[in-house]
Amino acid sequence: MNGNFIYHNPTKLYFGEDSLNYLADELKNYGPVVMLSYGGGSIKRNGIYDAVVSILKAAGKTIVEDAGVMPNPTVEKLYEGARLVRENNVDLILAVGGGSTIDYAKGVSASAWCEEDPWEKYYKNGGNPTCRIVPVGSVLTMVGTGSEMNGGSVISNHKEGLKIGKVFGPAVFPKFTILNPKYTFTVPQYQMVAGIFDIMSHLFEQYFSDFDDNTTDYIAEGLMRSLIHSSRIAAKNPQDYEARSNIMWTATWALNTLLKCGKSTDWEVHMIGHAIGVYTDATHGMTLAAVTLPYFRHILDAGLPKFVRLARNVMDVCGKDKSDRAIAEEGLKALEAWMREIGLVMNITELGATEAMLPQIADSTFLLTGGYKTLTREEVIEILKESL
Ligand code: NZQ
Ligand code: ZN
């Protein structure tokens, strides 16, 4: 195993049907003013809002309401949240929702007391906070991003045509996260399968880099196998607790910094997906599903031994008397069959992208160097064309 790394994840997790019971204990660690950040209203319809508010009230907290965090949160909403925190001198931001709400809360946490423009400082220039950081806690309601146990915060700036993920350090990670698989039962099927593919893509982005023998890759393969197994069950019966709880746990491990240990990591599919997202506002996981196979076919030769390994160890391709390339291609066919089986969107046209948009999308795509092949802008356009 090559490379040097530090592993440090400070987020405390509470998992299971009873996990919200621990919120009251956590609240004792923070001052009296809690900003309750949430999305477009799903938590009001499914009862999670009432459950959380009654715990906050019983703990004697002053609640600052912060509703309307949109999927793919915008820079305008980030500024608004930062202002709310300052004006109310908030002690804890409690994010109740999916990746968008938690990403946004982390962004606000580092922006509220930042004297510079946070969009420029953190997202565009990759700087780190030097100001006071407001602690974040989270109650996860939609599974996929891993935001509940990482420093990621993805913000969209439509005026600039950029969707950028800043990865903050451990000081900005949620201090605690409550994971109740039952809270995900009301997530629409489209969002559920998009989240499942987001998890798979996180596993791929870290797996498809380097060729050294690394324990991390064996862990990733185990998570992929578990995800494929549980997703097949959940796609047929979204109310299957066993499947949904395993998917939730897999999502957290897929992107909580463990799987990047000793890896250069790729992330090019996410770069293309984010660029599609900023022009279409499409659901994150679907943007990844639509470009993954064309991207993989494009880098197949450069990463061949790893694609063979995926085919054998994850997709159960039996490799007797076949060339490496044939095994790898069979693995991708099996991947495609699984993607279709669970109901993913397999092209960007369905997500609202048109051929005329492709040059702009390519211009907004960051080109990274950690994977098996560093793309050129022209190659991004080719992959996008194959994804139409
Ligand atoms: O806004 P509400 O009304 O809550 O509805 C949401 C939203 O419409 C709904 N939803 C969530 N929980 C629900 C529910 N509906 C019914 N019942 C529930 N229990 O689901 C919709 C999608 O929610 P969202 O939070 O946008 O989804 P997701 O968790 O996929 O987050 C996507 C965002 O995370 C970023 C993406 O780019 C995107 O902006 N990412 C964050 C990452 C990270 N922090 O590390 C990494 C990822 O690769 C990703 O880029
Ligand atoms: Zn993702």
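Which residue in β8 is the bridge partner of Val139?

## Pairing of β5 and β8

The bridge partner of Val139 in β8 is Ile178. The model described here is predicted. Strand β5 covers residues 136-140 and strand β8 covers residues 176-179; the two pair in the parallel sense. Four bridges make up this pairing.

## The open sheet

Strands β5 and β8 belong to an open sheet of six strands, in which the pairing is parallel. The order of the strands is β1-β8-β5-β4-β2-β3. At the edges stand β1 and β3 (62-66), each of which pairs on one side only. On average, neighbouring strands of this sheet are turned by 20° against each other, direction ignored.

## Helices across the sheet

Two helices that lie across strands of the sheet are α4 and α5. Helix α4, formed by residues 75-88, lies across β2 (33-38), β3 and β4 (92-97).

Helix α5 comprises residues 99-111 and lies across β2, β3, β4 and β5. Helix α5 runs at about 165° to β4.

## A nonpolar surface patch

Met1, Phe5 and Tyr7 make a nonpolar surface patch of about 310 Å².

Note on methods: Residues numbered from 1 in each chain as written. Chains lettered and ligands numbered in written order. Predicted model: local features only at pLDDT ≥ 70, side-chain atom pairs only at ≥ 80, totals over all residues. Heavy atoms only, no water. Patch = residues over 30% accessible without salt bridge, like charges linked within 9 Å, V, L, I, M, F, W, Y side chains within 5 Å. Areas by Shrake-Rupley, 256 points an atom, 1.4 Å probe, with all protein chains shown as cover. Salt bridge = Lys/Arg side-chain N within 4 Å of Asp/Glu carboxyl O. Pairing = 2+ DSSP bridges. Axes fitted to C-alpha atoms, helices over the stretch in contact; angles between N-to-C directions. Contact = heavy atoms within 4.5 Å.
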